[in-house]
Amino acid sequence: MGQYCFSTLVVSDNQEAVGTIVGIASALGESVVVVDSKDNFLELYTPAVRCIVLDLSLRESCGIEIIRHLAETKCRAPMVLTTPSSSKLLAVARNLAEALGILVVDAVVEPFEVERLRAAMIAATDPAEVARLRSRAAAAVQQAGRLRWC
C-alpha cells in the first residue's frame, strides 16, 4: 500500500457535515482525507495525523470503537468530536476520550455552528495551542490526583 500524505483525518458518513469540515480544514491549509467507516479509518490512520474529526454516529460502527483504538495506540492527535444526535452523547464520548488520554479540543453538535467548528479546527491544528491545551489537561489531572476522596 502506498504512503498517504494528509494532516487531518475526517471520519464521517454525513456528506453535508463532511463538506463543511473539509471546507474549513482546507481554508486553514490542511490536507484532508475523509473516511466513512471504522475499517477505512483503521486502514489510513497513522501517528503522523495532526488532527482527527470524528463523527460518533457512523452507520456501520460506533465512534467509541475508534476512540478505544486511538487510546490503545497512544494517539497524540487532537480530536474534534461531532454528532447529529445529542450533546449528552458528545459529553460521554469526550469524558471517555479524555480519561483515556486523548486530547479533545471540542465536541460540536450538528448542524454545526460554523464559527465554533472553525475555532476548534484552528486550535486542533495549531501546535502552540495544542501544547497549551495539553498543559492545561495535565494540570487538571494533577489537581484531581490531589483531591481527597471520602
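View 1. The buried residues of helix 1 (residues 15–27) pack against strand 1, strand 2, strand 3 and helix 5 (114–125). The model is predicted; local features need pLDDT of at least 70, side-chain atom pairs count only at pLDDT 80 or more, and totals for chains, interfaces and linings use all residues. Residues are numbered from 1 along each chain as its sequence is written, and side-chain values use heavy atoms, with hydrogens and water left out. Contact means heavy atoms within 4.5 Å. Helices (H or I, at least four residues) and strands (E, at least two) are DSSP runs, numbered from the N terminus. The buried set in helix 1 is Ala17, Val18, Ile21, Ile24 and Ala25. They cover an arc of only 135° around the axis, which puts them on the same side of helix 1. That arc is taken from the directions from the helix axis to the C-beta atoms. Gln15, Glu16 and Ala27 are exposed, on the face turned away from the buried side. Buried means under 20% relative accessible area, exposed over 50%, and partly exposed in between (1.4 Å probe, protein chains only).

View 2. Asn14 caps the N-terminal end. One of its side-chain oxygens lies 3.1 Å from the backbone nitrogen of Glu16. Just after the helix comes Gly29, with a positive phi of about 85°. Helix 1 has 13 residues and spans 18 Å from first C-alpha to last, close to the 18 Å expected at 1.5 Å a residue. The expected span is 1.5 Å times one less than the number of residues.

**View 3. Strand 1 and its two partners.** Strand 1 (residues 8–11) is covered on both faces. Thr8 and Val10 are buried on one side, Leu9 and Val11 on the other. In a regular strand the side chains alternate between the two faces of the sheet. Strand 2 (residues 32–35) pairs with strand 1 in the parallel sense over four bridges. Pairing requires at least two DSSP bridges between the strands. Leu9 stands opposite Val33 of strand 2. Strand 3 (residues 51–55) also runs parallel to strand 1, joined by four bridges. There, Cys51 is the bridge partner of Thr8. Strand 1, helix 1 and strand 2 form a right-handed β-α-β unit. Right-handed means that, with the strands pointing away from the viewer, the path from the first strand over the helix to the second runs clockwise.

**View 4. Helix 4, its buried face and its ends.** Leu90, Ala93 and Ala97 are buried in helix 4 (residues 87–99). Seen down the axis, the buried residues fall within an arc of 70°, so they line one face of the helix. Their cover includes helix 3 (63–72), strand 4 (79–83) and strand 5 (104–109). Lys88, Val92, Asn95 and Ala99 are exposed on the other side. Ser86 caps the N-terminal end, with a side-chain oxygen 3.0 Å from the backbone nitrogen of Lys88. Gly101 follows helix 4 and has a positive phi, near 90°.

**View 5. Surroundings of Thr83.** Thr83 lies in strand 4. Its relative accessible area is 0%, so Thr83 is buried. A polar contact of 2.5 Å joins its side chain to that of Ser57. Polar contacts are pairs of N or O atoms within 3.5 Å; within protein, one must be able to donate a hydrogen and the other to accept it, and residues adjacent in sequence count only if both atoms are side-chain atoms. Leaving aside neighbours within four places in sequence, Thr83 is in contact with Asp55, Leu56, Ser57, Leu89, Leu90, Val108, Val109 and Glu110.
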